[in-house]
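Subject: Structure handover

Hello,

Here is the structure I said I would pass on. Please open it before reading the notes below.

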Amino acid sequence: MAVLAGVPLAIGLSAWSGGGSVRADEVPAEAAAAGVRFPVRVNRPSGPPRVLVDTEGVPPGTTVACSTCHATRPPDRTNARTDDLDEFHQGLVVRHGDSTCLACHDPTDYDRLRRADGRPVAFEDVMDLCGQCHGPQRRDWRHGAHGGTTGYWDLTRGPRTRNHCVDCHDPHAPAFPRMRPTFKPIDRFLTPDAESHE
Amino acid sequence: MSTRTKPEGKRPTRRAVVKGAAVTLGAAAFAKAVSPVAEFAEGLTVEQFLRRHYKELSEDDKREVLARIERDTEAEYGAACKVADPPPLPGVKFAYAINLSKCNGNGKCVEACHRENNHDRDTNQSYIRVLELEKGSMDLEKGNTTYDHAVPAEGKDYLPVQCQQCDAPPCTAVCPVEATWKEPDGIVVVDYDWCIGCRYCEAACPYHARRFNWKKPTIPADEVNPDQGLLSNRIRPQGVMEKCHFCLHRTREGRLPACAEACPTGARVFGNVADPASELRWILANKRVFVLKEELGTKPSFFYFFDD
C-alpha cells in the first residue's frame, strides 16, 4: 500500500521525528548481545481491536472488527476529532496532542494503522507507529531504560518479558494515569502516633 | 598428627572413645551452661547459639543450618519453606538505577518488597521507603513516606530509597561482631544468627536503609514466601538488623528483584554493571545520573537518573 505515501494528511503532530523511513530495529539491544540463550519476549497486541456492539437485538458482549462498519462507510477526512462525529465513538476521550484519528488509523483499512508517510502498520507492530514521534522513548526502550520488565536480568539463565507502548499508555490518552498508593509503611519516626509503645 | 597406623574396623580405640565422650559431655555441659540464654532470649535454641559464623560454616554445617531454619519456620509460622544459600555469581556486580522522571510514588515496590521478603505484617515493614519531596528539593530529611493521596501530587517529587549497596559501606565497618559484610557481587548482607542487635549499623547508614526487628515478625502462614535465602528473606528473629539484599535469593539465580518487577512505571532498572552490554551501563553512559549523598564517599551501587 505504498501508493498512500502521497496522501495529504490533516495532522499537526507537535513532535515530528523527521521525514522518510523511521523504522528501527525492534529487537531490544540486550537481546542482540552475543551469548543469549533465552528470548526477550515483547508484549504486543494480539491483533486489531474488537469493538463492543451495544445495540438492541444484538446479544450482549458481541464484538465486531473495525472494518465491519468502516468497510461500508467512506471515511470523512474532515472529521479531525471525536467531537466532530455525529455518531459512534463520540464518548471516546482523545488527549494525544493534536493528533487526529487518521494520524494513526488507516482510512483504507481500519483493521490496521499507518505511519505518517502512509505505509501501513499492523496493530501488532504498534510500537513502530508510536516510535516515529516518540524517538527518545523508543531509544530508551531499546536500551532497557523505558518500560517495565519482568523475568530474568540474566538471559543465560531465563527469559525476560518486556512491556510495549500500549501496555502502559492508552493510545488515545497516553499520559500515564495518576495512581493511589495502596500500601503505606507505618513509619516509627515520621508518624510517632502510628505505633503505640506498650 | 600421629604417624602411628590405627587399627581399622570394629573396635574403636580407647582414645576415640574418650575423645567422643568428652565432646558429648562437653557439649551437654555447655548446653546446660548456656541454657539461661534460652530463657533470656525466647526462641533461641542451643543449636542456634552454638552456630559458627557464616563464613566459617562448612557445607555440612550450612546444610544443617538451612534445615534448622526450615524446621523452625514450619514450627513457628506453620509454613513449609525452602531455605537456600545461593553463592555470588562470578563476574557479576549488581547495581540498580531508578528513573526519577518516571517514578510517581505509587509504592508498589514497597509492597512487593514487603511480601517477597517476609516482612512483619503489623508494621508494614519494607526495605524500601518512597520519599515525597518538594519539587526540586533533595532534602531527604524533609521527605515524607506516609503521604496518602493520588500521585504524582502537584509540586512533588518522589525518591525511592533502599540500601545503596555501597562500595565503601559505613555500616559494615562499625559492626562489632562482623555480622554484616559486603559480598563479592556487591551485596551487603547480614548474618541474622550472628547479629547482636546493637544497631550501630543503623546509626552509621546515611540512607536510613537498615531496619531493626523490634518484635518477632507476624506473618500469616499462607502469606509466607517459601522461596527463602539464608542471607536474604528467611524470616528474621526478633532483635536483629535487616536490610535490602537486592533479593539475592532471586538475583543470584538470574531473576530480577521483586521491586523491579512490581514497578508499574518501569522506573526500576536492575542488572550486572560489570557487563558492558547491560542496560545499566547504557544508562550510566547516556543519562543524567547521580548518587545519593555523594559527598560522604560511600560509593553507592545505586543510581538515580532523569530522562532527557
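A word on domains before anything else: the domain bounds used here come from an automatic or database domain assignment. On that basis, chain B is divided into domain 1, residues 19–84, and domain 2, residues 86–308. Please also keep in mind that this is a predicted model.

Chain A

I started with chain A. Its secondary structure consists of six helices and seven strands. Read from the N terminus, the elements follow the order α-β-β-β-α-α-β-β-α-α-β-β-α. Chain A has 198 residues, and 19% of them count as buried. Among the contacts in chain A with a separation of 6 or more, 59% are between residues 24 or more positions apart.

Where the chains touch

The C-alpha centres of domain 1 and domain 2 of chain B lie 29 Å apart. The contact between them takes 17 residues from domain 1 of chain B and 16 residues from domain 2 of chain B. On the domain 1 side, the elements that give two or more residues are α3 (59–77) and β1 (82–84) of chain B. Of the elements on that side, α3(B) gives the most, with five residues. The residues on the domain 1 side divide into 10 nonpolar, five polar and two charged.

A sheet in chain B

The rest of these notes concern one sheet. It is an open sheet of four strands in chain B, in the order β10-β2-β12-β11, and its pairing is mixed. Which strands form the edges? They are β10 and β11 (288–290) of chain B, each of which pairs on one side only. From one strand to the next, the twist averages 25 degrees.

Helix α9 of chain B (residues 279–286) packs on this sheet and touches β2, β10, β11 and β12 of chain B. The direction of α9(B) makes about 115 degrees with that of β10(B).

Is β2(B) mostly covered or mostly open? It is mostly covered, as six of its six residues are buried. Phe94(B), Tyr96(B) and Ile98(B) point one way from the strand, while Ala95(B), Ala97(B) and Asn99(B) point the other way.

β2(B) has two partners to look at. With strand β10 of chain B (residues 268–272), β2(B) pairs in the antiparallel sense over five bridges. In that pairing, Tyr96(B) has Phe270(B) as its bridge partner, and Ile98(B) stands opposite Arg268(B). With strand β12 of chain B (residues 302–306), β2(B) runs parallel, and four bridges join the two strands. Here the bridge partner of Ile98(B) is Tyr304(B).

Regards

Notes
Residues numbered from 1 in each chain as written. Chains lettered and ligands numbered in written order. Predicted model: local features only at pLDDT ≥ 70, side-chain atom pairs only at ≥ 80, totals over all residues. Buried ≥ 20, exposed ≤ 12 C-beta atoms within 10 Å, placed from the backbone. Contact = placed C-beta atoms within 7 Å. Nonpolar A, V, L, I, M, F, W, Y, C, P; charged D, E, K, R; others polar. Pairing = 2+ DSSP bridges. Axes fitted to C-alpha atoms, helices over the stretch in contact; angles between N-to-C directions.
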